[in-house]
Amino acid sequence: MRVLGIETSCDETAAAVVDGDGRILSNVVLSQLDEHRPYGGVVPEIAARAHIDHLDGLIARAVEEAGVGFAELDGVAVTAGPGLIGGVMVGLMTAKAIASAHRLPFLAVNHLEAHALAARMTDGVAFPYLLLLVSGGHCQLLVVEGVGRFRRLGTTIDDALGEAFDKTAKLLGLGYPGGPAVEAAARSGDPARFDLPRPLIGRDDCHFSFSGLKTAVRREVEKLGEPSDRDKADLCAGFQAAAGDVLADRSRRAMRRFRELTGRDGGTLVVSGGVAANAYLRQRLAALCAAEEFALVCPPPALCTDNGAMIAWAGVERLKLGLVDSLDAPARARWPLDPDAPPAAGAGVKA
Ligand code: KG4
Ligand code: ZN
């Protein structure tokens, strides 16, 4: 089985071919960082136009590098949401055209499900497992029970963690994207110098909140006036330590819920999304897992950030179960993994 996967929901244009055993035959990613950098964030209209410019060539490369022709594919999978709607439509229409022209099964993939299932492609993780999804747009804890079967334990009531990293970097003039810049600056910083908040820690649920932490960083920056490199390093280290405390506390709660729900003593914590590339946070979660007797699985960074291979793999999983979609599948700006999850108290539109 070979499935072509296409991803255009944010600022990465990506295409890949993955086989039924999770072997990545090709994986081509084109980042639009340079196009968006002058604006300090992703501009939806620019993203959609860049996807149009590059997608055809990228797909041709992915298929060629995989050493197959379109006729030898067994399905076409594409992100149908959630994401920036213009970009999602570009990928979706292209995938439908390919599936239609070559009479291939069509798979409309939820981008979040693709992040969730990537650990089965890389590490063969068995259901059920606990998932911490931390990206620029999402911050959620979920029980992954099966393909298309998720139980959301917690979500952010305001900002996603990646967003908080990006905003902190912007406040400190560290450039875009913020996550890697904050991580680098934090390496030489003193995490104890600034007293930053740990929002929602100790609360008896699994939700997150990061806007208070971001505001606290802003206040410190205002107090400092012109922060020196030392100030910046200390603030980044403080911010990252606070984020680590929050992730560890919320994940510990989620492990408790996971044990209650599954009747198991331990389990596996999968961490995915762009923020999972952060070595300090990975190390904090590794310590938590060791203490709680959970196995920790972090797919390699290139498969944690947006890519086509995870979309192709989600397509493989769905195709194996016969979960094929029709060519009128809609593009969806919002598409929760667990539509039945109760809303988080105080949650804004992103939850
Ligand atoms: O999953 P992703 O590539 O895109 C989506 O948001 O779906 O995640 C991008 C986010 C950005 O906010 C970026 O700043 C963050 O992941 N990120 C990091 C690191 N690398 C990327 N955050 C913290 N530390 C990092 N090393
Ligand atoms: Zn993503």
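**Exercise 1. How many residues of domain 1 are in contact with how many residues of domain 2?**

Solution. Taking contact as heavy atoms within 4.5 Å, 29 residues of domain 1 are in contact with 24 residues of domain 2. This is a predicted model, in which local features need pLDDT of at least 70 and side-chain atom pairs count only at pLDDT 80 or more, while totals for chains, interfaces and linings use all residues. Residues are numbered from 1 along each chain as its sequence is written, chains are lettered from A and ligands numbered from 1 in the order in which they are written, and side-chain values use heavy atoms, with hydrogens and water left out.

**Exercise 2. Describe the interface of domain 1 and domain 2 by its buried area and its polar pairs.**

Solution. The size of an interface is often given as the accessible area lost when the parts come together. With buried area summed over both parts and computed with a 1.4 Å probe, domain 1 and domain 2 bury about 2200 Å² between them, 58% of it on carbon and sulfur atoms. Next, count salt bridges (a side-chain nitrogen of Lys or Arg within 4 Å of a carboxyl oxygen of Asp or Glu): across this interface the rule finds zero. Then count polar contacts (N or O atoms within 3.5 Å; within protein, one must be able to donate a hydrogen and the other to accept it, and residues adjacent in sequence count only if both atoms are side-chain atoms): the rule finds seven residue pairs across the interface, both residues being at pLDDT 80 or more. On the side of domain 1 that touches domain 2, the elements giving two or more residues are helix H1 (33-36), helix H4 (111-123) and helix H11 (308-320), where helices are DSSP runs of H or I of at least four residues and strands are E runs of at least two, numbered from the N terminus. The largest share of that side, four residues, comes from H4.

**Exercise 3. Which residues come nearest to ligand 1, and which side chain has a polar atom 2.8 Å from a nitrogen atom of ligand 1?**

Solution. Counting residues with a heavy atom within 4 Å, there are 18 around ligand 1, of which Gly136, Asp166, Gly179, Glu183 and Gly274 come nearest. The polar side-chain atom at 2.8 Å from a ligand nitrogen belongs to Glu183. The side chain of Asn278 places an N or O atom 3.0 Å from a nitrogen atom of ligand 1, whereas a polar side-chain atom of Asp306 lies 3.4 Å from an oxygen atom of the ligand.

**Exercise 4. Locate the cis peptide bonds that join Phe127 to Pro128 and Tyr176 to Pro177.**

Solution. For Phe127 and Pro128, omega is about -10°, and Pro128 lies in the loop between H4 and strand S6 (129-134). For Tyr176 and Pro177, omega is about 0°, and Pro177 lies in the loop between helix H5 (161-171) and helix H6 (178-186).

Note on methods
Buried area = accessible area lost by both parts, 1.4 Å probe.
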